[in-house]
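This briefing goes through one structure by topic, from a helix and its packing to ring pairs and chain totals. Please keep the sequence and the 3D view at hand while reading.

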Amino acid sequence: MFEMARVRGGLFPCEAEIARLLSQDAKAWAAKAIVLERDGMPRIDPVMGGRYWPAVLAWWNRRYGLSIVEVSQPDGGENLDALK
């Protein structure tokens, strides 16, 4: 399993860093990421500007049968006015 210390860019590395970690060419990764997102790979977080690396790693582990825990993705903003 990858150690967090090896991930340049912290918890939300840039796409080039994710490509490097997955042994992919950055240009090829851009096309592959679009296809993999359709299968549930975590998308780029609009606030942080990158993919949450632990969720990406968990997704790959599930894809290859190394985990039984399902990680949920953020579903959008909360409407706290609905509680009134």
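Which helices do the buried residues of H3 pack against? They pack against helix H1 (15–21) and helix H2 (26–38). The model is predicted, and the values below are computed from it.

**Fold**
- The protein chain contains three helices and zero strands.
- Along the sequence, the pattern reads α-α-α.

**Helix H3**
- Helix H3 spans residues 53–63, and nine of its eleven residues are buried, so the helix is largely enclosed by the rest of the structure.
- The buried set consists of Trp-53, Ala-55, Val-56, Leu-57, Ala-58, Trp-59, Trp-60, Asn-61 and Arg-62.
- The partners of these buried residues are H1 and H2.
- After H3 comes Gly-65, which has a positive phi, near 75 degrees.
- As background, an α-helix has 3.6 residues a turn, so residues three or four places apart point the same way.

**Aromatic pairs**
- A pair of aromatic rings is described by the distance of the centres and the angle of the planes.
- Pairing requires ring centres within 6.5 Å, and the count of aromatic pairs comes to three.
- For Trp-59 and Trp-60, the ring centres are 4.9 Å apart and the planes stand at 75 degrees; angles over 60 count as edge-to-face, so this pair is edge-to-face.
- For Trp-60 and Tyr-64, the ring centres are 6.1 Å apart and the planes stand at 15 degrees; angles under 30 degrees count as stacked, so this pair is stacked.
- Ring pairs join Trp-59, Trp-60 and Tyr-64 into a cluster.

**Burial within the ring cluster**
- Tyr-64, at 58% relative accessibility, counts as exposed.

**Chain totals**
- The protein chain has 84 residues, and buried residues make up 29% of them.
- Of the contacts between residues at least 6 apart in sequence, 41% join residues at least 24 apart.
- The accessible surface of the protein chain is about 6,200 Å², and carbon and sulfur atoms account for 57% of this area.

Notes
Residues numbered from 1 in each chain as written. Predicted model: local features only at pLDDT ≥ 70, side-chain atom pairs only at ≥ 80, totals over all residues. Heavy atoms only, no water. Phe/Tyr/Trp six-rings, centres within 6.5 Å; stacked < 30°, edge-to-face > 60°. Buried < 20%, exposed > 50% of the residue type's maximum accessible area, 1.4 Å probe, protein only. Helix = DSSP H or I, 4+ residues; strand = E, 2+ residues; numbered from the N terminus. Contact = heavy atoms within 4.5 Å. Areas by Shrake-Rupley, 256 points an atom, 1.4 Å probe, with all protein chains shown as cover.
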